[in-house]
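User: I am new to this structure and would like to talk through its aromatic rings. Could you show it to me?

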Amino acid sequence: MRCRWRYRGAGALLALWLLAPSLLFAQPRVDQLEARLSDLAGRERLELLIELTARYRKKDRNKAVAFGTEALDLLESFPDRDLELELLNQLGLVHIRAGKYQEALRYGLRAERLARVADDKPALAFALNNVGDAHRLLDEYDPAREYSLEATELYRQVEDEAGLAESLSDVGVAYRRVGDFSKALEYYLRSHRAYEDIGDRKGAARVLNNLGIVYRNLGQPENAIEFYQQALEIREQDGRKISVARLLNNIGVAYEDMGQHAQAIDYYSRALEIKEKLGNERAIARTLNNIGLVYQQLGKFDDAASFFGRSLDIKERLGDEKGTASTLFGIAAVHRGKSEWASALDTSNRSLEIATRINARDSAQRSYLQLSEIYTEMGRYLDALEAFKKYEEVKSSIFDEGNREIIAEMQARFESDRKEKEIEILKQRQELDTMELKRQALMRRALVGCVGLLLVVSLLLYNRYRLKTRAALVIEEKNLELEHYLTELEAKNAEMEKFTYTVSHDLKSPLITIRGFLRLLEKDMLAGDAERVRDDVDRVQAATGKMSRLIDELLKLSRIGRVTNAPEEVAVGELAREAADLVSGQIDERGVEVEIAADLPIVVGDRARLLEVMQNLIENGVKYMGDQEDPRLGISWRRAGEEVVFRVSDNGMGIDRRYHQKVFGLFERLDPSIDGTGVGLALVKRIIEGHGGRVWVESEGAGHGSTFCFTLGKNAGVSDLAEASDLSDSSRSGGITEPEAR
Ligand code: ADP
């Protein structure tokens, strides 16, 4: 077990001086301390709680967590940075020991932040160590290594040797886990030296065992054995039985690597003896299995069968399925060795069946190969071929062909997207060049005009001044036009890039679904599972349906730029009624009461497009009504200075202020559980902007209803005012055409 009190090392002398008197009268027992708790309150209680957290850390984790949590609460009333740091670090450690690594990570990161602010190096080293440990235990080796490395640096600075030794070893483990054995060796060796320097035998033995493991990974079992033996010596002297058994087992494995079977069996048997004394069944079963494997390799099938049998009994009793599959595999090999084909087949199949059921693909792969070999030896070549095919299949599925394909395809797609973009940019450049040429030609023409004018001037003095001014004006106007054109082009370009990105992203997702289910479909068809085939087909159909809807909407969106109908006079009131008729099905179904202001004005615009706007807004109002019991929707208008604002209001779900802009983006949807494509409002925005107007939403947030507002720009010449000036402006006349946003 590791000692984490070390980071106070810097203040050790001071602490010793302070504690000297209490050392004379031994430290109070932890239960005595706990008893004091009931008399204490406030800051004193807080300090005692923190001490209890630390003292109970090894003894009773649950208590440690409970005290620590209470202390955290108390800290709110008595804030103190040093105490908080100490507590967070203790809590981090307690959670690591309790196997709650995510929580440990959280406390560790909080402590790290605080320690950095406080510039408290010992505490920071402690926190970094905790964070590194938590990452490692979560199998996140890269961050684990980075944190542990920073911890080593700090421990070195504050000269905390024990901390340094431990964090060096942690870095070694992180390197080993990602297969960088030479780095792992380097750090383990440094850690070992550090443990030796401070005389920490336990730490040294742990690192020696790790060194053994790395050497085995490097294919050097002789070196591995040397390190294991050194560790074994220490553990034997210290009487650590579990560690001794583990080391004996490790040495056995290394001897097996070297092909020295007798030695291997000897070490395994010694390990077994200890494990049996300790009564650790899982470990016993593992060692029995190891011994069985050695005998099987030696061709001593009866011995092998007896060890495998004992191992199997225990594993089955413990319900260890993976272990059972592996031992059955061994037993099948024994039958095969004894040419007992029927039993070999039977056991191998049992092992395969379990491995398949628990989805242990490496075990399944091994079993298929074994089956194929058994069939070959029996002369059943067709069966052998079948099994071998399965073996290849599982193998390639482990390598995940699928993933590789997808990655390759994504890369290809990315490349082609990039090319398309490049071509697009080239085209635009060309366009710009042509425009520049046009501009120059214009200038030239203007100049010629000027020269011509000068000639005429000499004849017609009267006209000279006027004509010259007009020519200059023309040039200026053309220049302005060109500049405007250029900015518009840039904006379009940016919009286009965003558009292509969003479209390809959203079309890809149903595609991926389709590809995935086609693959499953193939598998399920081969397996003849009709029900799943039906399900796969349904899903593919649903995804194609979604794609086709997306594409339809997109076509609509893209047409807006191209198809424009001649502007005409449009009576908005009539338009609203027509739109409401088009969605009357949904309106009736939801029981929405629709109120259309009687005095809506007349505008000039593209009628078909404006109808789409109304229809979309009404449809949304109904669709996002939520669970409103009295659903209402209103279409009204009001004047705002020079402008006329049209309003479509509902008392439905409402929209949080954060998403007021977002909802107009392409494919943006706030609630994916409600059917939709996220194109409607983007369409509305483009149409309104095409008319030179603006569109926005007003809503007090969830549950308060929404009001979608739009204006129609100058060109839409709201002729309100001629037509309906007397009735107009419901807000002024106090009409009831504007339902309030709820
Ligand atoms: P969709 O096809 O999903 O309806 P839209 O572009 O029309 O796509 O709308 C985008 C999103 O804005 C919707 O998914 C919804 O979350 C939100 N939204 C649109 N109209 C309303 C409304 N009247 N009330 C609440 N939320 C709305």
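Analyst: To begin with a charge over a ring, R106 lies over the face of Y107, 5.9 Å from the ring centre. The term requires NZ of Lys or CZ of Arg within 6 Å of the ring centre and within 35 degrees of the ring normal.

User: Which residue lies over the face of F329?

Analyst: R366 does, at 4.1 Å from the ring centre.

User: What kind of model is this?

Analyst: The model is predicted; local features need pLDDT of at least 70, side-chain atom pairs count only at pLDDT 80 or more, and totals for chains, interfaces and linings use all residues. Residues are numbered from 1 along each chain as its sequence is written, and side-chain values use heavy atoms, with hydrogens and water left out.

User: How many aromatic pairs does a search of the whole structure find?

Analyst: The search finds 8. Rings of Phe, Tyr and Trp (its six-membered ring) pair if their centres lie within 6.5 Å; planes under 30 degrees apart are stacked, over 60 edge-to-face, and the rest tilted. Y56 and F67 form a stacked pair, 5.8 Å centre to centre with 25 degrees between the planes.

User: Where do Y56 and F67 lie?

Analyst: Y56 is in helix 3 (residues 42–59) and F67 in helix 4 (residues 61–77), so the pair links distant parts of the chain, 11 residues apart. Helices here are DSSP runs (H or I, at least four residues), numbered from the N terminus.

User: Is Y56 buried or exposed?

Analyst: Y56 counts as buried, at 6% relative accessibility. Buried means under 20% relative accessible area, exposed over 50%, and partly exposed in between (1.4 Å probe, protein chains only). F67 is also buried, at 9%.

Notes
Helix = DSSP H or I, 4+ residues; strand = E, 2+ residues; numbered from the N terminus.
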